[in-house]
Amino acid sequence: MPNTETSISRRHFLKSSGGVAIFIGMSGLLPQLISCNDPKKIGEQLKKQPLTAWVKIAEDGSMVIYNPAAEMGQGSMTSLPLIFAEEMDADWSKVSVEFSPQEADIYGGEGWSPGTKLMFTVGSRTTKSYYTVMRQAGAQARFVLLQSAAKHWQVPVSELTTSESMVMHETSDRQISYGELVPFLEMPEALPEISEDQLKKKKDFRLIGKVIPRTEIPAKVDGSAQFAIDIRLPEMVYGVLERGNLHGATPTLTNQAEIESLDGILKIVTLPYAIGVIGNTLEQALDAKKKLKINWSDAEASGHNSQQVYEDYEKMASAATPGKILIEKGDVGTAMKRAAKTYTADFRNDYVCHAQMEPLNAVVQVAADLQSAEVWVGSQQGPDTKLGVPTILGIPPEKVNVHLQYLGGGFGRRSMNDFVEECTLLAREVAPRPLKLIWTREDDFTYGAFRPLSFQRIEAGTNSAGELTSFSHCVVGDGGNLVASGAANDHYNIPNQQAEWRAVANGIRLKHWRAVGHGANKFAIECTLDEIARDQGIDPVDFRRRLMSDSPRALATLEKAAELSDWAGETIQGRAKGVSFVEHGSLGTGVCEISLDRDSGVIRVHNFWIALDAGVIIHPDNVRAQMEGGILMGMSSVLKEQITIEEGRVQQTNYNNYQLLRMQDIPDKIETYLIDSEVHPEGVGETATPMVAGAIANAFLKLTGKQLRHLPFTPERVLEVLNT
């Protein structure tokens, strides 16, 4: 088989001389070839001829476009292929979508640092990272089609145009469909880099920005959509783990022989933090798990009490020694000394669980010789596209094939590989039989990886005109960026700013939770602004108008949200409105309207209005759905959700004692206005959630004159605030 790019680059696309079928990628030939010495085998392996690494096209014109991102309800299965199809000029009615292979070198988007590639569906980065990638790839696919048609017709390529999967030559009044072109497709020696000015202009978009039904919704509605938990393989066995509720504790199993003698139990596997049980059926494995007798060691988390630790954090915030400086602008110390008035406010934020709908699970099949593996999983992917499996088995990454499935909720939790690695460890013990690992709800709560608990102290100063001149934000908590992100005020014109993080360690498992540190830190920032505005006798929207004078895009969201909510108009008696601004990639201002049952302490959110600037909007309906979902998730975490830890042990075990927002709690209306823009798209999945706490607390301040500073706003805490 030829193995150099030079030896294959001039070959006709569909010819099998040398026994290869060729895939092309964004900037030339991919290193992978398909061995096809037998022409019949070509037909078996390539039922549809590959046009590029991103698309397969058949002679009937149907095509498959690959989606490189996880699909967990956020709509990537539609939005990313839509970008590709726009530049390719494809007929969307003939497009189907599949997950791409998990190969970052080929299908990766923009990484954290320049020149790197990642397949990582986190941080609202998907559309932002893949927008240029998918446009380039679509335009290059169109280039191949145009060049092939030009050669077939013996006309200059400059005389050809495309539209809805057709190539047209106006001079000779000829046209040919993309499918009809398949037999004539030829590989160019190199694919050009398509410059920005060669890509479509926004005014010419046929698909982007239009109402397009999501590709995966029909299958989700009729039940045919496959999630990882739906996977069933021949001879599959099941694994479960008992991890306890003291994070980091080491287990000692005292009745192993008894468990191994139970019907259907195949093996017991001891991990540093858990006891694994492998059974022929899930029921047998779970039954055995209940009968495990385990002595647990102490751990770093021993003695940790989540509601008492705030006293220690408060002392840390008062200490003279600063923490890690996150933001330094101007001279906060001098500005505070010169301030006409100063303000100090402390805020608290409890642990929160991801509580995703689909329990964590994976299926791994390790080969009998332990030298390769197949993985079926719903994952948010990660820096390692093979999800830690090669390291566990000690094999090269190319020996691991990951079959990405739909995710039944992620919110950051499925960007961890722990459950995939656990599944691999157990599957290795029963190779070559496939093994499915399932975390129970109780597992996920008691041994979850939580949004961190944190404490924030904000100190601010104003001059004699009531203008905000200094702003200091001290964050105390475990988790680095998990607690420290979101402290910046880039869109507020405050001349002197400082933010710092003071680190602690409690031994509790932590992870990114939707919007990461923005949820707690924007809550503290936005509440402080309203408290200052109230004290200065300034309307909160007017106060922010002044602060946003140098940030016209942010200001536009504020103005539109105020207009949508009729901010200056009359409010229904017994209700009040609150405002909050958030930047998390996209820019958004939210206004909510609440009422309060002063006897029960229950806050009711009636309406939520959002104005969003997310750059170019790929899929408007989906963006609105993302904002609505983000608001509801924000309300759930702000009003109800809470993980508490006593003596190091997680107290919540399931939905009976971990409360979520219920249907009767949702607002009467959530209205989202999308501001027209031509700038590069930004993420939208994490903009709405962190604006909720500030908006509700600020509405509460307006309604009662009292401050809510501890998340979540449970009825008990609300009553305590009302009665002080």
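**Exercise 1. The largest cavity**

Task: State the volume of the largest cavity, and describe what lines the largest cavity.

Solution. The largest cavity in this predicted model has a volume of about 70 Å³. A search of the whole structure gives eight cavities of 30 Å³ or more. The lining of the largest cavity consists of R451, W513, R514, G519, G634, S637, V638, T689, P690, A693 and L711. Sorted by class, five of these residues are nonpolar, four are polar and two are charged. Helix α19 (residues 620-639) supplies the largest share of this lining, with three residues.

**Exercise 2. An aromatic pair**

Task: Classify the ring pair formed by F347 and F523, and explain which parts of the chain the pair ties together.

Solution. The structure holds 13 aromatic pairs. In the pair of F347 and F523, the ring centres are 5.3 Å apart and the planes stand at 80 degrees. Planes over 60 degrees apart count as edge-to-face, so this pair is edge-to-face. Next, F347 belongs to strand β18 (residues 341-349) and F523 to helix α16 (residues 518-536); the pair therefore ties together parts 176 residues apart in sequence. F347 is buried, with a relative accessible area of 0%, and F523 is likewise buried at 0%.

**Exercise 3. Helix α18**

Task: Determine which residues of α18 are buried and what covers them.

Solution. Helix α18 spans residues 552-564. Its buried residues are A554, T557, L558, K560, A561, A562 and L564. The elements covering them include α17 (540-547), β27 (575-584), β28 (586-597), β29 (602-613) and β32 (669-674).

Note on methods
Residues are numbered from 1 along each chain as its sequence is written. This is a predicted model: local features need pLDDT of at least 70, side-chain atom pairs count only at pLDDT 80 or more; totals for chains, interfaces and linings use all residues. Side-chain values use heavy atoms; hydrogens and water are left out. Helices (H or I, at least four residues) and strands (E, at least two) are DSSP runs, numbered from the N terminus. The expected span of a helix is 1.5 Å times one less than its number of residues. Buried means under 20% relative accessible area, exposed over 50%, partly exposed in between (1.4 Å probe, protein chains only). Contact means heavy atoms within 4.5 Å. On a 1 Å grid over the protein atoms alone, a cavity is a set of points where a 1.4 Å probe fits but cannot get out, and a pocket is an open set with protein on both sides within 12 Å along at least five of seven lines; lining residues have an atom within 4 Å of a point. Grid points are joined across faces, edges and corners, and a volume is the space filled by probe spheres set on the points. Ala, Val, Leu, Ile, Met, Phe, Trp, Tyr, Cys and Pro count as nonpolar, Asp, Glu, Lys and Arg as charged, and the others, Gly among them, as polar. Rings of Phe, Tyr and Trp (its six-membered ring) pair if their centres lie within 6.5 Å; planes under 30 degrees apart count as stacked, over 60 as edge-to-face and the rest as tilted.
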